[in-house]
Amino acid sequence: MPDQPTGGVPIELRKVTKSYPGVDEPAVHELDLNIPAGEIVVLLGPSGCGKTTTMRMINRLIEPTSGDIVIGGENSRDIDPDRLRRHIGYVIQQAGLFPHMTVAANIGQVPKMLGWDKARVAERVDELLTLVGLEPELYRDTYPRRLSGGQQQRVGVARALAADPPVLLMDEPFGALDPISRERMQDELLSLQEELAKTIVFVTHDVDEALKIGDHIAIMQRPGHIEQYATPAEILTNPASDYVEQFLGGGSSMRLLRLTKVGDIETDQVPYTTEDADARELLAEVESDGRGYALVLDGMRRPLRWVGQAELEGLSGPVGTAGDPVTGFISARMTLQDALESLLNADTEVVPVVGRRRAYTGSLSLTTVQNAIAAIKTHERERRQRRGEGTR
Ligand code: ADP
Ligand code: MG
């Protein structure tokens with residue numbers, strides 16, 4: 001495990017078991033898990049399935065009964081527990097801040113312990129507050145009780161990141177927040193992760209949170225084992241067992257819509273042109289396309305008007321201002337779910353998709369979205385078959 005600031009390191013759990021004395025069922029049973037460097041891996045499962053125990057064995061707050069945990073190539077047994085925990089940030093529900101310490105003192109605790117000088121600690125605290133979206137001047141000298149739940153959780157994340165650890169363990173970190181703060185914290189964690197590329201183990205019992213946050217998800221079942229370890233799309237399209245299916249609880253197509261961005265699917269290609277183009281040439285194109293309409297773009301490729309075949313038939317010379325103004329757009333960054341909402345409320349059956357600077361990239365209709373979801377399902381099924389895992 002490097003002592004230098006870093007992105008993530010891989011973590012490997014090999015046949016890890018935790019049994020408590022006097023308890024028949026092990027809390028965690030021969031668990032194998034490969035966590036790639038720089039990924040968010042979610043442990044998802046009902047209460048009591050061993051998520052917290054698994055997580056706390058990684059930073060040795062709990063010692064495994066048997067098995068090995070290898071972090072960045074080193075067996076965790078061979079790492080001094082204090083050194084280990086300085087390399088692993090830990091975020092828990094309700095932040096776990098010290099109430100009698102200021103926000104700055106809470107965040108600076110580990111750097112101070114590491115012997116950083118005061119100025120460097122203060123600088124780091126301000127940097128971290130900014131990183132998690134809290135203005136340093138307003139918050140560094142405040143006490144935790146004066147903060148909202150979301151703000152406390154931000155401070156918790158800042159504190160976990162203080163010594164720039166390669167690994168972050170987050171145990172139901174947003175579980176106590178209201179739905180809106182929770183969504184916002186999830187979004188912020190994802191954009192933070194784009195920048196930091198830590199290895200994050202994230203525990204939740206919320207299916208939608210797992211699907212949104214996880215690069216990979218380990219679905220756990222009592223007593224302490226993994227039923228399926230796969231990407232969100234794989235889990236939705238190919239649940240490995242009845243247990244996984246029941247735990248997901250249906251709605252897999254809707255969830256795929258939420259998971260997929262418009263920019264990731266194949267959009268419709270309708271004929272398009274600019275105002276100065278020849279109307280007869282466009283008419284020929286529209287006739288051979290068969291849909292009966294085309295899109296007129298401005299010089300920056302921004303959609304202006306829809307023009308129909310009948311209207312084009314009456315034109316000679318340039319297309320000009322013929323047609324009806326485009327009233328709605330769909331951004332390539334939207335989820336398919338939001339795109340669907342736009343399509344259902346649109347004046348036209350087909351809506352243009354725009355990317356950067358509102359430039360046209362394709363079109364979308366309800367059928368296109370439906371086909372895209374079907375294509376994702378087929379694709380995942382085929383990928384699984386190629387890997388020889390078969391389908392159920
Ligand atoms: P989760 O985080 O998924 O809710 P835990 O890892 O906390 O699950 O617990 C897994 C199982 O281990 C549960 O059955 C729980 O009762 C048991 N357990 C956890 N801690 C202890 C302990 N200190 N002594 C005995 N049993 C425990
Ligand atoms: Mg737990």
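Which residues are buried in helix α12 (residues 279-289)? The legends below take up this point and then turn to other close-up views of the model, which is a predicted one.

**View 1. The buried residues of helix α12.** In this predicted model, the residues of α12 that are buried are Ala279, Leu282, Leu283 and Val286. Because the arc that they cover around the axis is only 105°, they are placed on the same side of α12. Glu281 and Ser288, by contrast, are exposed and belong to the other side of the helix. The cover over the buried residues of α12 includes the strands β11 (272-274), β12 (293-297) and β13 (303-308), together with the helix α13 (309-313).

**View 2. The two ends of helix α12.** At the start of the helix, aspartate 278 places a side-chain oxygen within 3.2 Å of the backbone nitrogen of arginine 280. Just after the helix comes glycine 290, whose phi is positive, at about 90°.

**View 3. The surroundings of ligand 1.** The residues around ligand 1 include the run Pro46, Ser47, Gly48, Cys49, Gly50, Lys51, Thr52 and Thr53, and Tyr20, Val23, Ala27 and Arg222 are also found around the ligand. For arginine 222, a polar side-chain atom lies 3.0 Å from an oxygen atom of ligand 1. On its own, ligand 1 has 560 Å² of accessible area, of which the protein covers 62%.

View 4. Serine 76 sits in the loop that runs between β5 (74-75) and α2 (81-86). The relative accessible area of serine 76 is 4%, and the residue therefore counts as buried, since the term applies under 20%. When residues up to four places away in sequence are not counted, serine 76 touches Arg60, Ile69 and Ile71.

**View 5. The two assigned domains.** The domain assignment of the protein gives domain 1 as residues 11-250 and domain 2 as residues 272-371. Taken over C-alpha atoms, the centres of domain 1 and domain 2 are separated by 46 Å.

Methods: Residues numbered from 1 in each chain as written. Chains lettered and ligands numbered in written order. Predicted model: local features only at pLDDT ≥ 70, side-chain atom pairs only at ≥ 80, totals over all residues. Heavy atoms only, no water. Domains from an automatic or database assignment. Buried < 20%, exposed > 50% of the residue type's maximum accessible area, 1.4 Å probe, protein only. Helix = DSSP H or I, 4+ residues; strand = E, 2+ residues; numbered from the N terminus. Arc of directions from axis to C-beta. Contact = heavy atoms within 4.5 Å. Polar contact = N/O pair within 3.5 Å; in protein donor to acceptor, adjacent residues only side chain to side chain. Near = heavy atom within 4 Å. Areas by Shrake-Rupley, 256 points an atom, 1.4 Å probe, with all protein chains shown as cover.
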